[in-house]
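Please keep the sequence and the three-dimensional view at hand while reading.

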Amino acid sequence: MSQLTSRAAPATRVASDAAQPGQEIGPLAASLAGIEADTDPDSRSEALERTAKSVPDANLRAVLDSLVPFQVAAASELRQLLVGRWAETDAPAAAAWATQLPEGAARHDALQQVAIAWANTDLPGAVSWVRALPEGESKQAAMLSAAYEAARTEPLTAVELARALPAARERDELVVHALSQWAATDFAAAADWAAQVTEPNLRQQLLAAAAVASADQDATKAATFIAKTLDPGAAQDGAAVAIANRWAQHSPRDAAQWVAQFPDSPSRNTAQRDLVALWTTQDAPGAANWLNERPTGTLRNVGMIAYAQALTQQG
């Protein structure tokens, strides 16, 4: 078990009475030791929640100060719970506390929690705050967190935040996610924005994501878009499979006819397998009739196997 050690720091009790500078930190250390020793994930989570709830709002800063020196996972998890709670009610105060921490894991985690909570209650305020943070890994983490929250309601804001981040896998994943959210409500604008991206691989990912996100509204248009816009390769193949799956949910025969036009490839086989499996659960006779109309070959064989497996799973 990890040892709970602490350098000299203001002592805090996890209790309802206000913390005083002279109090011992024994109760806090004991709580953390018990949580750290708990190997059951559910029990551990419940204990953390109970401990966090036992801290009154008036004690949040004092308890957080006392948690900083502890170098165990339980302390880090409790700190994140408390910072997030503080930020929900007083984001500027929680942000001020987080930004005074030295660069490192504690600052990194605290800024993320503030960014998430603040973005949920006041997105413009959170965006202004993260943009003004000193450059560093913690700022980048906070911007990512704020942007992911923004993507749910303001995807364009998320995209703009992402543009300020250095090129990295995390940034690209954020942009793809945010653009997908945007394309679901305004495909034309999202696709136009994606087409202006200068990085070729990222541009292909974004255009594919936009097409897939729009397929629920107009699968035919999405299919035509990827055929005309995307270069042959992984992005186009993945988008084709995803569009076929969405199309099949409301018009499986049309989706199947489209998939049948693909060149013979692993991607076509994947699309055919997924489509027939879904179609069989919705309309087994319709799927069987379409398969029987296919000429002998790989496409028909893949479909027949998927059909049989889907029937078996239905029992």
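Helices (H or I, at least four residues) and strands (E, at least two) are DSSP runs, numbered from the N terminus.

Helix H15 spans residues 266-282, which gives it 17 residues. From its first C-alpha to its last, H15 reaches 25 Å, close to the 24 Å expected at 1.5 Å a residue. The expected span is 1.5 Å times one less than the number of residues in the helix.

## Basis of the model

The model is predicted: local features need pLDDT of at least 70, side-chain atom pairs count only at pLDDT 80 or more, and totals for chains, interfaces and linings use all residues. Residues are numbered from 1 along each chain as its sequence is written, and side-chain values use heavy atoms, with hydrogens and water left out.

## Packing of H14 with H16

Two packed helices are described by the angle between their axes and the distance between the axes. H14 and H16 pack at an angle of about 25 degrees, and their axes are 11 Å apart. H14 is therefore roughly parallel to H16. Axes are lines fitted to C-alpha atoms, for helices over the stretch in contact, and angles run from 0 to 180 degrees between N-to-C directions. Angles under 35 degrees count as roughly parallel, over 145 as roughly antiparallel, 65 to 115 as roughly perpendicular and the rest as oblique.

The crossing of H14 and H16 is right-handed. A crossing is right-handed if the near helix is turned clockwise from the far one by less than a right angle, and left-handed if anticlockwise. Arg253, Ala256 and Gln257 of H14 make the contact with Gly286, Trp290 and Glu293 of H16. Contact means heavy atoms within 4.5 Å. By class, the residues of this contact are two nonpolar, two polar and two charged. Ala, Val, Leu, Ile, Met, Phe, Trp, Tyr, Cys and Pro count as nonpolar, Asp, Glu, Lys and Arg as charged, and the others, Gly among them, as polar.

## Packing of H7 with H9

Helix H7 (residues 137-153) packs against helix H9 (residues 169-183) at an angle of about 15 degrees, with the axes 9 Å apart. This angle makes H7 roughly parallel to H9. The crossing of H7 and H9 is left-handed.

From H7, Leu144, Ala147, Tyr148, Ala151 and Arg152 meet Glu170, Glu173, Leu174, His177, Ala178 and Gln181 in H9. Six nonpolar, two polar and three charged residues make up the contact of H7 with H9.

Ser138 belongs to helix H7 and is buried, with a relative accessible area of 1%. Residues up to four places away in sequence aside, Ser138 touches Glu103, Gly104, Arg107, His108 and Leu111.

Leu161, in helix H8 (residues 155-163), is buried, with a relative accessible area of 0%. The C-alpha atoms of Leu161 and Met143 are separated by 6.8 Å, although the two residues are 18 residues apart along the chain. Ala98 lies in helix H4 (residues 73-99) and is buried, with a relative accessible area of 0%.

Technical notes
Buried means under 20% relative accessible area, exposed over 50%, partly exposed in between (1.4 Å probe, protein chains only).
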